[in-house]
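The structure is shown first.

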Amino acid sequence: AKMAELPEARRLRFMSQYELTPYDADLLTEERAVADYFERAVAVGQSQDVTPKAIANWVTGDVFHLLHSTNEEISACKIAPEQIPELVLLVNQNVITAATARRVLEAMFHSGGMARDIVREKGLAQISDHVKLAHVIDEVIAANPDAVSDFRNGKDTVLRFLIGQVMRATMGKANPNLATEMLKNKLNQ
């Protein structure tokens, strides 16, 4: 009863309890420190309605990438596991985009700072203000008359290009769903 949970048993539990894929469960249970890190993040995330799968995606993706690129172990990571759910929550609440969240995570990795503080300090919050977005959309439409003409002539794929221009003009901070909706409305007028 006092024996630590074996890796295979933990892997199976991760799949059943947290509904992880076998691949994610394998990655997260290869090292005990990683599995412990993940479970600490999940414990905090559950009280904030952040799914274990979302936490697993960030840990096995971006956190692992940062650890690998700096040749660090998870035990030396400046990002506390309890900080991961806050980052996921900022994306879920549309405070920041997923792309911005990666930049925030990298800043967290180097400084150990909290996601919300980094977003505030660096002015990375997503732009959801209709007036600001309308101004940017007007500029993008004016700067790309050929693409606008193509869209109005039935070439729907051009919309992605125009959305990309909106994102570029806002340095990735525009709320993509709102920007897409507003751009479509403007183009269809």
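**Packing and pocket of the predicted model**

Q: What covers the buried residues of α2?
A: This is a predicted model, in which local features need pLDDT of at least 70, side-chain atom pairs count only at pLDDT 80 or more, and totals for chains, interfaces and linings use all residues. Residues are numbered from 1 along each chain as its sequence is written, and side-chain values use heavy atoms, without hydrogens and water. In α2 (residues 22-29), the buried residues are Asp24, Ala25, Leu27, Leu28 and Thr29, where buried means under 20% relative accessible area with a 1.4 Å probe, protein chains only, and helices are DSSP runs of H or I with at least four residues, numbered from the N terminus. Their cover includes α1 (7-18), α3 (32-46) and α4 (52-70).

Q: Which elements do the buried residues of α10 pack against?
A: Helix α10 has 12 residues and spans 17 Å from first to last C-alpha, close to the 16 Å expected at 1.5 Å a residue, a figure taken as 1.5 Å times one less than the number of residues. Its buried residues are Val158, Leu159, Leu162, Ile163, Gln165, Val166 and Met167. They pack against α8 (130-143), α9 (145-152) and α11.

Q: Is Asn175 buried or exposed?
A: Asn175 lies in the loop between α10 (158-169) and α11 (176-187). Beyond its neighbours within four places in sequence, Asn175 has contacts (heavy atoms within 4.5 Å) with Asn94, Gln126, Ile127 and Ser128. Because its relative accessibility is 10%, Asn175 counts as buried.

Q: Which element provides the largest share of the lining of the largest pocket?
A: The largest pocket holds about 210 Å³ of space. Its lining consists of Leu27, Glu30, Glu31, Val34, Phe64, Leu67, His68, Glu72, Glu73 and Ile74; a pocket is an open set of points on a 1 Å grid, where a 1.4 Å probe fits, with protein on both sides within 12 Å along at least five of seven lines, and lining residues have an atom within 4 Å of a point. The largest share, three residues, comes from α4.

Key: Helices (H or I, at least four residues) and strands (E, at least two) are DSSP runs, numbered from the N terminus. Buried means under 20% relative accessible area, exposed over 50%, partly exposed in between (1.4 Å probe, protein chains only). Grid points are joined across faces, edges and corners, and a volume is the space filled by probe spheres set on the points.
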